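Okay, everyone, thanks for coming. I'd like to walk you through some side-chain contacts today, so let's get the picture up.

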Amino acid sequence: MSGGVSNVTVENVHVWNSRRAVRIKTAAGRGGYVRHITYRNLTFVNVRVGIVIKTDYNEHPAGEFNPKALPVLEDISYTSIHGEGVRVPVRIHGNSEIPVKNITIRDMSVGITYKKKHIFQCSHVQGRVIGTVFPAPCENLDLYDEQGHLVRRSGSQNASDIDYDF
């Protein structure tokens with residue numbers, strides 16, 4: 001992707017026995033945008049990583065590209081995410097040049113199989129968690145109750161707890 005992707009809805013998807021369930025990947029040099037993406041009613045069973053957003057995917061179709069062409073990732077929502085046997089339910093990996101903005105996660109309950117310190121992984125991400133989300137979300141995201149009232153504001157959107165060691 002080097003142009004843009006917007007106004008896409010992905011719903012009623014069941015992913016099983018997979019390394020990755022749903023993924024957005026881009027990198028510096030791609031430019032363009034990914035915005036207004038909605039994921040709804042996803043089920044993961046025996047998946048290594050459920051939700052992935054990766055901003056350092058360093059593959060380019062041509063050797064010549066502009067490394068200053070930075071993609072924009074914003075307004076991406078995940079609602080009603082369920083499953084079992086998932087190692088890392090969420091890995092959102094923005095960076096200082098390509099932050100991930102306005103992420104929303106609502107109604108998530110995913111059984112995990114791998115007891116690591118950072119099960120829900122985020123880096124350079126801004127957004128919110130609304131209502132019940134299991135496992136516990138990363139500190140980068142604001143926390144709201146079911147009625148939409150702010151419970152806890154994020155201490156740092158740039159904190160990183162990405163862990164690729166497994």
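Start with R35: its charged end sits over the ring of Y33, 4.3 Å from the ring centre. By "over a ring" I mean NZ of Lys or CZ of Arg within 6 Å of the ring centre and within 35 degrees of the ring normal. Bear in mind that this is a predicted model, where local features need pLDDT of at least 70 and side-chain atom pairs count only at pLDDT 80 or more, while totals for chains, interfaces and linings use all residues. Residues are numbered from 1 along each chain as its sequence is written, and side-chain values use heavy atoms, with hydrogens and water left out.

Next, the aromatics. There's one aromatic pair in the structure (Phe, Tyr or Trp rings, the six-membered one for Trp, with centres within 6.5 Å). Y39 and Y78 make up that pair, and they're stacked, at 4.8 Å centre to centre and 5° between the planes. Stacked means planes under 30 degrees apart; over 60 is edge-to-face, and the rest are tilted. Y39 is in strand 2 (residues 33-54) and Y78 in strand 3 (residues 72-93), so to speak distant parts of the chain, 39 residues apart. Strands here are DSSP E runs of at least two residues, numbered from the N terminus. Both tyrosines are buried, meaning under 20% relative accessible area with a 1.4 Å probe, protein chains only.

Finally, the one disulfide, a pair of cysteine sulfur atoms within 2.5 Å. C122 and C138 form it, with sulfurs 2.0 Å apart. The S-S torsion is about -70°, so it's left-handed. C122 is buried at 0% relative accessibility, and C138 is buried at 3%.

Methods: Buried < 20%, exposed > 50% of the residue type's maximum accessible area, 1.4 Å probe, protein only. Helix = DSSP H or I, 4+ residues; strand = E, 2+ residues; numbered from the N terminus.
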